[in-house]
Amino acid sequence: MLRLLSFLSKNQNLFLFLLLEAVALSLVVRFNAPQRHAMGDSLLEVSAAVQMRKRNISEYFYLKEGNIQLQEENDSLRQILDSLRGKLHVAEALIESDSSRVGMIDSLRSHEEFVYMPCRAIRFTHSLSRNYITLDKGRLHGVKEKMGLISPQGIAGFVVKTSPNFSLALSITSYGVGIGAKVEDLPIKPTFTWNGEDPEHGTLKWIPLDVDLKPGMKVLTSGIRSRFPPDLVIGYIEGLKEDSQDGFHEVSVRLATDFRSLNKLYLISLEHKTEIDKLREDLKQ
Amino acid sequence: MNLALRLTGIWLVFAAFQIMLFDSMAISQLARPFGFLLFLLMLPVNLSKPIQYLVAFGAGLFIDIFTQTMGLHAFSCVLMIAIRPYWISIISGTLNRSKEELTLPHQNLSWIASYLFPLIFVHHFSFFMLEAAGDVFGHFFQNLLEIFSSSLYTFVICFLVYGIFYQRSSAR
């Protein structure tokens, strides 16, 4: 024991070095494990509060761009509203003429299964291998872990950590993140992953060669075992690469969301959906 | 002035600049500057090794908390500060040793350049390789490019800050 102590004291610099490096490495491993983030609540709260101040200052310089983005989103939402209104009129007319079609009301209400909550990106990265987005909404606003995060253009990520006033989301442009996808109405359910190189592209792998894919087709969320409701835009097919050895397509997807300039985002809660699904299951029995 | 107090003050300035300014100065996919490294590289050389290690660890962790990179800077900073004395003794052929104590601010600019860049590179190499750990072999050369360009970026910032503040303050 004495020898051990004298050995330690002789090499104390080396041991301190090794100890600190070991602690740092264990932090890296713990905090960067896939799909979760173990940073303490209070640390997230403090760091996000500082980032928030900075964001508030820098936001003044981007007001114009932000307004244009909002205008575009507004236009596309208005279009959707018009088409939904048209459908609603048709449905109401049908219900009046045939009272047995009450079930249609149910399908019209299906969008209420998901609850949308607007939020803002305070800080984000897009060039690392795991990119986090700090959001200005937290537990007190009803944010929960695993909630989906979307931009006006398409899906963006999902929440991995919450603190009282802020939360941290992992971007889909992160290593090891897979999203259940589908291509328009084709009967395939591939998994979407990031390509690991730039924040604009991802890939769909293992698509049989006989599936007829064309550039420009929409890649949507499948909603199967997912944090996202079905039919949200992930991106658009850009190019096909035929893998001759395996006999599968590898598809390059251009992401809909611009990960270089995230600002206004929406959190999606599937809680109502799981509740509704459960009720339906119970009713069937 | 008390050394510990002075270092804390300087550190707060560096940390504020890193979090508020340098953090948002990344050049898209290419380079990401970590200007706060100059603080560690300008630590007095005669400071005892355990203190240097602990300061490097604390400084790294501080930045880690604000950039969601838990442990990455802490690891890389301790590594860099541990290599520093050996690197100084390698390149100190052209060193001005004033009295018995080596003071970094009194060196000429070419010595400072050859002192700063390799140590910054060590930090960046460790940081980006560790950051990409799961994915490192898939994009090895892309990572290497990012390490090199980021090192250059950080070096330019550190060199400018050194030239403006450290040299002038030592001339007084």
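Predicted model: local features only at pLDDT ≥ 70, side-chain atom pairs only at ≥ 80, totals over all residues.
Two residues count as being in contact here if their C-beta atoms, placed from the backbone, lie within 7 Å.

## Where the chains meet

By that rule, the contact takes 27 residues from chain A and 29 residues from chain B. On the chain B side, the elements giving two or more residues are helix 1 (3-20), helix 3 (49-67), helix 4 (72-91) and helix 5 (109-131) of chain B. Helices (H or I, at least four residues) and strands (E, at least two) are DSSP runs, numbered from the N terminus.

What kinds of residue make up the side of chain B that touches chain A? They divide into 17 nonpolar, eight polar and four charged.

## A barrel in chain A

Six strands of chain A close into a barrel, in the order 1-2-5-4-3-12, with antiparallel pairing; a pair needs at least two DSSP bridges. Neighbouring strands of this sheet are turned by 45° against each other on average, direction ignored.

Take strand 3 (residues 148-150) and strand 12 (residues 264-269) of chain A: they pair in the antiparallel sense over three bridges. Ile150(A) has Tyr266(A), in strand 12 of chain A, as its bridge partner.

Residues are numbered from 1 along each chain as its sequence is written, while chains are lettered from A and ligands numbered from 1 in the order in which they are written.

The model scores ipTM 0.84 and pTM 0.79. Chain B averages a pLDDT (the predictor's confidence in each residue, from 0 to 100) of 84, and 85% of the residues score at least 70.

How values were computed. Axes fitted to C-alpha atoms, helices over the stretch in contact; angles between N-to-C directions. Nonpolar A, V, L, I, M, F, W, Y, C, P; charged D, E, K, R; others polar.
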